[in-house]
Amino acid sequence: MTILLTGLTAATMRGGYGLIHDAAIALDDGRIAWVGAMADLPEAYRLLDRHDLGGRLVTPGLIDCHTHIVFAGHRAAEFEMRLQGASYEEIARAGGGILSTVTATRAADQAALTAAALRRLTAMRRTGTTTIEVKSGYGLTVADEVKLLRAARALAGLSPVTIRTTHLAAHAIPPEFKGRADDYIDQVAIPSLHAAHAEGLVDAVDAFCEGIAFSPDQVARLFNAASALGLPVKLHAEQLSDLNGAALAARHNALSADHLEYLSPTGVAAMAKAGTVAVILPGAFYTLRETQAPPIAALRAAGVPMAVATDCNPGSSPMTSLPLAMNMACTLFRMTPLEALLGTTTHAARALGLTDRGQIAPGLRADLAVWDADHPAELCYPIGAEALSQTIIGGRLDA
Ligand code: DI6
Ligand code: FE
């Protein structure tokens with residue numbers, strides 16, 4: 001399908017916003033063939049079918065590079081417990097938290113998990129998301145982790161949104177391994193990685209490096225297993241305390257280190273040197289009423305690329321909207337609207353190791369978001385009132 005989008009302002013995200021007013025974008029066979037000012041349109045594209053966007057703003061389709069959308073049940077009771085003063089860690093140590101979602105998720109079959117995740121994915125697409133990373137991590141047995149990754153991959157047949165899957169068996173220590181985290185790594189995390197990889201279900205490997213989860217040594221063993229399979233790694237690091245997780249991730253050439261509220265200057269330097277993306281997750285900060293913000297100014301000064309994601313999960317970030325995450329990144333962390341939009345486009349693509357999207361440029365995938373807005377900064381400041389008009393995925397316009 002070949003079509004010329006006209007009557008638009010393009011935010012190409014090349015060299016800042018890369019704004020082009022009175023622009024046109026030619027789409028050919030799922031790719032962007034040309035973008036520029038209408039006045040410069042080459043002869044070859046003049047006769048294409050035209051679709052006028054009425055002066056709207058067009059950005060790259062948004063990329064949510066950190067989500068946990070495959071799960072059953074909900075955690076509303078914990079929300080109330082936290083409002084009465086219980087902390088996320090206290091609830092986790094008492095066997096709630098992630099483990100309460102594990103109980104519900106183990107009891108659900110693959111089709112039910114896919115159906116539940118599809119509802120979340122549909123909500124995400126309604127706010128401009130066209131590519132999403134999906135983690136496992138609520139199964140915590142070999143069979144259940146594989147089940148979650150299959151459920152995630154099945155989404156690709158039900159939605160045009162690109163699905164990238166991440167193995168996160170090292171998310172929590174299940175009750176049957178209480179006090180035996182090393183055994184869990186050897187008997188579940190690494191074997192489930194091998195099993196899922198053998199089925200082609202794994203694009204990357206993640207872990208939760210934290211006092212209530214896995215130590216840096218345990219994470220390193222898992223990362224070595226990932227490297228042996230040729231899989232890239234990423235890490236939940238420095239969310240609740242500083243265990244030097246980001247530096248560990250950087251040593252393993254991680255695509256990203258995520259959360260980072262307690263990131264130290266050493267961690268910032270290690271990430272800068274390795275080119276590891278910092279994935280900023282303001283939804284979890286907001287939900288847990290954290291007070292220590294990630295060191296945005298230090299990351300900026302060191303030139304670490306920053307992505308922004310929803311961390312959509314039932315416990316610490318029950319949120320599907322990337323524009324809302326961008327709003328929170330600006331208001332809570334003082335990221336600029338430009339940084340926030342780079343964080344859900346160009347830098348989010350890099351956090352997933354994807355080089356074919358994240359900007360509007362010839363040769364890239366024709367994944368676009370069309371907004372009822374004049375300027376991209378308008379995407380960041382409304383709270384929960386996103387101005388999405390439509391998405392275009394792989395060159396296909398929404399019906
Ligand atoms: N950190 C998070 O914010 C999510 N996972 C993680 O390691 C929370 C997952 C949950 O609470 O269900
Ligand atoms: Fe997370």
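Q: Which strand holds threonine 391?
A: This is a predicted model, in which local features need pLDDT of at least 70 and side-chain atom pairs count only at pLDDT 80 or more. Residues are numbered from 1 along each chain as its sequence is written, and side-chain values use heavy atoms, leaving out hydrogens and water. Strands are DSSP runs (E, at least two residues) numbered from the N terminus, and the run at residues 388-393 that includes threonine 391 is β14.

Q: Is threonine 391 buried or exposed?
A: Buried means under 20% relative accessible area, exposed over 50% and partly exposed in between, with a 1.4 Å probe and protein chains only. Because its relative accessibility is 0%, threonine 391 counts as buried.

Q: How many disulfides does a search of the whole structure find?
A: A disulfide here is a pair of cysteine sulfur atoms within 2.5 Å. The sulfur of cysteine 330 has its closest cysteine sulfur in cysteine 380, at 4.1 Å, so this pair is too far apart for a bond. For cysteine 312 the closest is in cysteine 65, at 13 Å, again too far. The search of the whole structure gives a total of zero.

Q: Which word describes how α5 is set relative to α6?
A: Axes are lines fitted to C-alpha atoms, for helices over the stretch in contact, with angles from 0 to 180 degrees between N-to-C directions. The axes of α5 (residues 142-154) and α6 (residues 181-198) come within 8 Å and cross at roughly 45°. Angles under 35 degrees count as roughly parallel, over 145 as roughly antiparallel, 65 to 115 as roughly perpendicular and the rest as oblique, so α5 is to α6 oblique.

Note on methods:
Chains lettered and ligands numbered in written order. Helix = DSSP H or I, 4+ residues; strand = E, 2+ residues; numbered from the N terminus.
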